Amino acid sequence: MARINLDHIRHAYSPNPQNEDDYALKEVDHVWDDGGAYALLGPSGCGKTTLLNIISGLLVPSEGKILFDGQDVTHLNTQDRNIAQVFQFPVVYDTMSVFDNLAFPLRNRGMGESDVLKRVNETIEMLDLGAWSKRRAQGLSADLKQKISLGRGMVRSDVNAILFDEPLTVIDPHMKWQLRSQLKLLHKQFSHTMVYVTHDQTEALTFADKVVVMLGGEILQIGTPEDLFERPSHTFVGYFIGSPGMNVLPIALEGASAHLGAQAIQLSGGVSVQPSAKVEMGIRPEYIHFDPNGMDVAITKVEDIGREKIIRAQLEGSEIALVLNENEPIPADPKVSFKGAGINIYADDWRVDMGA
Amino acid sequence: MQKTWNNKAWFLVLPVLLIVALNAVVPLMTVVNYSVQETFGDNLFFFEGTRWFREVLHSDRFHASLGRQFLFTFTILMIEIPLGVIVALSMPKSGVWASVCLVLMALPLLIPWNVVGAMWNIFALPDIGLLGYSLNALGIDYNFTRQPVSAWLTVVMMDVWHWTSLVVLLAYAGLQSIDGAYYQAARIDGASRWSVFRYIQLPKLKHVLIIAFLLRFMDSFMIYTEPFVLTGGGPGNTTTFLSIDLVKAALGEFNLGIAAAMSLIYFLMTLLVCWLFYTLSMKGETQ
């Protein structure tokens with residue numbers, strides 16, 4: 001288990017990057033805590049796999065250093081970094097039994113057979129694989145195979161970090177939930193440093209202490225699930241996290257009030273932005289509700305998703321979405337108001353703090 | 001609703017049936033026919049029952065050529081399968097050189113079999129052939145037309161040269177289809193090169209190697225053209241394999257009954273070995 005230090009890392013796949021756009025991974029400078037569970041979240045091609053490969057040692061970054069517990073491992077290869085990885089598709093040694101699969105990394109490192117037996121049995125118990133330990137790994141289901149590949153990492157007591165590359169892609173939906181909670185539990189119990197790559201926000205938010213949201217090779221925000229929900233630092237984060245995503249509305253600022261078309265919305269404090277900046281207000285659907293004294297909206301669509309309804313409406317020429325409990329009625333003359341705590345202001349897509 | 005019965009569509013199968021009948025069933029039945037009868041020409045046939053089969057099965061000549069056949073097939077399988085895998089493992093995975101290697105590997109497979117025989121015949125001639133001359137110049141007494149051991153070595157070498165490529169190509173395709181994650185996982189687990197081969201590559205190659213084995217078994221068991229052109233079955237009978245012996249019996253000696261019985265025994269043996277091997281190697285696949 002280790003603290004991971006990403007020291008001014010950049011990576012370009014081409015040998016001579018000319019400008020910022022040539023970098024598949026733009027500058028990353030962060031410290032990830034020992035024993036933390038991190039999720040790298042973002043759409044395809046956002047650089048999350050590049051970052052994971054840099055951590056695993058498959059890629060050497062074009063610039064910068066990576067340190068495990070203060071030790072520079074930038075140029076160490078995968079086996080010397082002492083990490084474990086669970087891949088998108090389950091990787092097991094088909095011809096070996098489940099037990100031998102788990103024993104493989106230990107035997108390769110020359111551990112004595114009695115220690116192997118002890119460690120493997122502990123791991124088998126941890127992962128609930130007891131019933132299969134003598135079975136050949138070949139015919140097992142995908143979720144068991146993923147457990148085995150996780151087990152091959154956990155069986156080594158000294159791994160610096162366990163990396164997950166979209167590990168639930170091939171798992172049946174009903175098993176996904178179970179595996180995810182088990183993973184979370186294992187992390188609580190043994191506090192390995194875990195890095196989890198996914199494009200599924202539910203996976204990221206339920207698994208991780210800290211979610212790293214990436215877009216276009218750039219880290220937009222690292223925060224707890226709550227941070228990402230309440231204070232997205234970039235409009236993309238607001239839009240990407242949550243279902244439906246955050247409403248982003250163009251506004252004009254005047255002191256502590258925001259003008260949205262003909263409407264004025266009182267903010268909790270003054271905001272100063274560059275005069276040339278594009279200013280927007282972000283408000284999550286959960287923070288908009290019907291209010292007889294609010295702003296006029298025209299409802300365009302109602303989506304009933306069971307426990308709640310998603311209302312799509314026009315407000316001052318912008319499309320908004322709001323969430324309504326299934327029992328709440330939709331008023332005949334719909335007016336809405338925004339909850340002050342849910343309002344974030346963005347200048348050129350980045351969040352700006354409001355003064356008190 | 002009334003169901004219409006119209007089986008006219010079966011007529012569409014007729015051409016295929018006809019072709020299969022003409023190219024497979026009828027010739028096979030002719031052989032079956034010959035195998036139980038005796039003829040003295042003039043299209044006069046006498047029923048002989050199982051006589052030819054009994055004769056073939058008790059004939060020393062058949063035993064000898066069958067023994068040679070198994071020895072030959074066993075030898076080339078023992079060489080070609082491992083060698084093919086080794087060559088495939090050492091070929092580049094991608095890039096220009098991968099294509100160059102593939103083309104080079106495919107070349108021997110494109111050469112007509114009798115040309116292969118002729119090439120090796122000339123190549124191995126002790127007085128003018130590059131191989132034969134060089135060996136003799138090195139002080140090794142080598143003459144494939146006179147020494148059984150030299151003849152065997154030459155036939156085996158020729159077959160290895162001609163057919164290892166097939167195993168290489170199959171194994172290479174099998175190796176290419178292994179996902180990169182396996183190798184990465186093996187590195188993470190600290191596996192040695194040998195372990196990677198033993199626990200990842202070999203199990204993943206199992207199916208293509210079974211195919212390679214079956215193809216090479218059947219082909220080498222039926223080998224005719226190349227040794228016929230190279231050694232003509234000699235010196236003496238030392239490289240007379242089953243099919244060469246069969247042709248000798250059928251066309252050289254006009255022993256139609258014996259030859260037909262031999263053909264059927266031969267056919268059943270190939271079928272049996274392939275079936276046995278396939279069943280045994282696929283055992284335990286479906287658990």
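Mentor: Let's start with a term: a helix here is a DSSP run of H or I with at least four residues, and helices are numbered from the N terminus. Keep in mind, too, that this is a predicted model.

Trainee: Thanks! Which residue follows α6(A)?

Mentor: Helix α6 of chain A covers residues 173–190. The residue that follows α6(A) has a positive phi, near 35 degrees. That residue is Ser191(A).

Trainee: How far apart are the end C-alpha atoms of α6(A), and what span should its 18 residues have?

Mentor: The expected span is 1.5 Å times one less than the number of residues. For the 18 residues of α6(A), this rule gives 26 Å. The end C-alpha atoms agree with that, because their separation in the model is also 26 Å.

Trainee: Moving to the sheet in chain A, which are the edge strands?

Mentor: This open sheet has three strands in the order β17-β18-β19, with antiparallel pairing. Neighbouring strands are turned against each other by 25 degrees on average, direction ignored. An edge strand pairs on one side only, and that describes β17 (298–304) and β19 (318–325) of chain A.

Trainee: And which residue in β18(A) is the bridge partner of Lys301(A)?

Mentor: β17(A) pairs with β18(A), residues 308–315, in the antiparallel sense over six bridges. On the β18(A) side, the bridge partner of Lys301(A) is Arg312(A).

Trainee: How far apart do the C-alpha centres of the two domains of chain A lie?

Mentor: The domain assignment gives domain 1 as 4–236 and domain 2 as 247–352. Five residues of domain 1 are in contact with eight of domain 2. On the domain 1 side, these are one nonpolar, three polar and one charged. The C-alpha centres of the two domains are separated by 38 Å.

Trainee: Which element gives the most to the side of chain B that touches chain A?

Mentor: Here 15 residues of chain B are in contact with 20 residues of chain A. By class, the chain B side has eight nonpolar, four polar and three charged residues. The most, six residues, comes from α8(B).

Trainee: Last one: what radius of gyration does chain B have?

Mentor: Chain B has twelve helices and two strands. Its C-alpha atoms fill a box of roughly 85 × 75 × 35 Å along the principal axes. A compact globule of 287 residues would be near 19 Å in radius of gyration, but chain B has 24 Å.

Definitions and conventions: Residues are numbered from 1 along each chain as its sequence is written. Chains are lettered from A and ligands numbered from 1 in the order in which they are written. This is a predicted model: local features need pLDDT of at least 70, side-chain atom pairs count only at pLDDT 80 or more; totals for chains, interfaces and linings use all residues. Two strands pair if DSSP finds at least two bridges between them. Axes are lines fitted to C-alpha atoms, for helices over the stretch in contact, and angles run from 0 to 180 degrees between N-to-C directions. Domain bounds come from an automatic or database domain assignment. Two residues are in contact if their C-beta atoms, placed from the backbone, lie within 7 Å. Ala, Val, Leu, Ile, Met, Phe, Trp, Tyr, Cys and Pro count as nonpolar, Asp, Glu, Lys and Arg as charged, and the others, Gly among them, as polar. The radius of gyration is taken over C-alpha atoms; the globule rule is 2.2 Å times the number of residues to the power 0.38.
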